[in-house]
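Subject: Structure handover

Hello,

Here is the structure I promised to pass on. Please open it next to this email and follow along.

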Amino acid sequence: FLELPLTLFSMLGLVALSNRQLRWFVIWVMLAATFHKSAVLLLPIAVWAQTRNRYWAAVWVGAVAIVAYYLFLVDSVDSLYVNYVEAQYQSSGAFIRLAMNALPAAILLIWQRRFNFPPEEKSLWRWFAIISIALLVVLQLTPASTAVDRVALYMLPLQLVVFAYLPDVFGRNNQQRSLLVVGVLAYYAVVQFVWLNYAQTAFAWLPYQFYM
């Protein structure tokens, strides 16, 4: 239940940030943090994504981050560290999920000139790509895969953006663009099929098993 509003508010925050509405980005992220405290990790991205007035954004977002820390994290930072880091919780599908983020990240970084983003969005998604690849590296260096996996969840919008642009970036004509669209749909259909049939926790996500 908590994942839906968390995702909704986080996505609205990214839309606001791409429209240079820094205030609304902070508001949406703070609302997301009321559903899961880890949402505050999105706040530094606001500074990195700025193409103008970066120092002012750093001061303003830094002040908000301090407030967010005392509102959401100060009472539970020790327990979060113990549970996520010292306990070394494992997420069985962490590598697959991080690799799925790293693929569009690599595409964006290698062919970034082909992506016709506005300047603000270009900086935003470049940082998403860098972070996604960095998290895949970090996963190999730490046994606490659940902590890395939790951070990587906030990088998922990168997949939506890159694969949505893919037909226009690489398709030279309508036929090639249509094939790329079919390829993206087939890729996610395979991912969905494999996950629903072979994931250890798929049973917990299936709809209620009744005749309707």
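Predicted model: local features only at pLDDT ≥ 70, side-chain atom pairs only at ≥ 80, totals over all residues.

The protein has 10 helices and 0 strands. Read from the N terminus, the elements go α-α-α-α-α-α-α-α-α-α. The protein has 212 residues, and 37% of them count as buried.

Gly 93 and Asp 149 are 56 residues apart in sequence, yet their C-alpha atoms are 8.6 Å apart. Gly 93 sits in the loop between helix H5 (77-86) and H6. Its relative accessible area is 16%, so Gly 93 counts as buried, the cut-off being under 20%.

Now look at helix H9. It covers residues 157-170, which makes 14 residues. From first C-alpha to last, H9 reaches 20 Å, close to the 20 Å expected at 1.5 Å a residue. Where does H9 bend? The bend is at Ala 164 and amounts to about 25°. A proline, Pro 167, follows within four residues of that point.

H9 also has a buried set of residues. Among them are Leu 158, Val 161, Phe 163, Leu 166 and Pro 167. Which helices do the buried residues of H9 pack against? They are helix H1 (3-18), helix H6 (94-110), helix H7 (119-141) and helix H10 (174-198).

Next, stay with H6 and find Asn 101, which is found in that helix. Is Asn 101 buried or exposed? With a relative accessible area of 2%, Asn 101 is buried, because buried means under 20%. Leave aside its neighbours within four places in sequence, and Asn 101 is in contact with Ser 132, Ala 152, Met 155, Leu 156, Leu 158 and Gln 159.

Now for the empty space. Rolling a probe the size of a water molecule over the atoms shows where such space is left. The largest pocket has a volume of about 1,500 Å³. It is lined by 33 residues, and the closest to its centre are Arg 97, Leu 153, Leu 156, Trp 195 and Trp 205. Which elements give two or more residues to this lining? They are H1, H6, helix H8 (145-152), H9 and H10. Sorted by class, the lining of the largest pocket holds 19 nonpolar, 10 polar and 4 charged residues.

There is also 1 cavity of 30 Å³ or more. About 40 Å³ of space lies in the largest cavity. Its lining is made by Leu 108, Gln 112, Phe 115, Phe 117, Lys 122 and Arg 126. By class, that gives 3 nonpolar, 1 polar and 2 charged residues.

You will find Arg 20 in the loop between H1 and helix H2 (22-33). Most residues other than glycine have a negative phi. Arg 20 is not a glycine, but its phi is positive, at about 60°. How accessible is Arg 20, and what does it count as? Its relative accessibility is 46%, so Arg 20 counts as partly exposed.

Best wishes

How values were computed. Residues numbered from 1 in each chain as written. Heavy atoms only, no water. Expected span 1.5 Å × (residues − 1). Bend = angle between axes of the 7 residues up to and from the residue. Buried < 20%, exposed > 50% of the residue type's maximum accessible area, 1.4 Å probe, protein only. Contact = heavy atoms within 4.5 Å. 1 Å grid on protein atoms, 1.4 Å probe; cavity = no way out; pocket = protein on both sides within 12 Å on 5 of 7 lines; lining within 4 Å. Points joined across faces, edges and corners; volume = space filled by probe spheres on them. Nonpolar A, V, L, I, M, F, W, Y, C, P; charged D, E, K, R; others polar.
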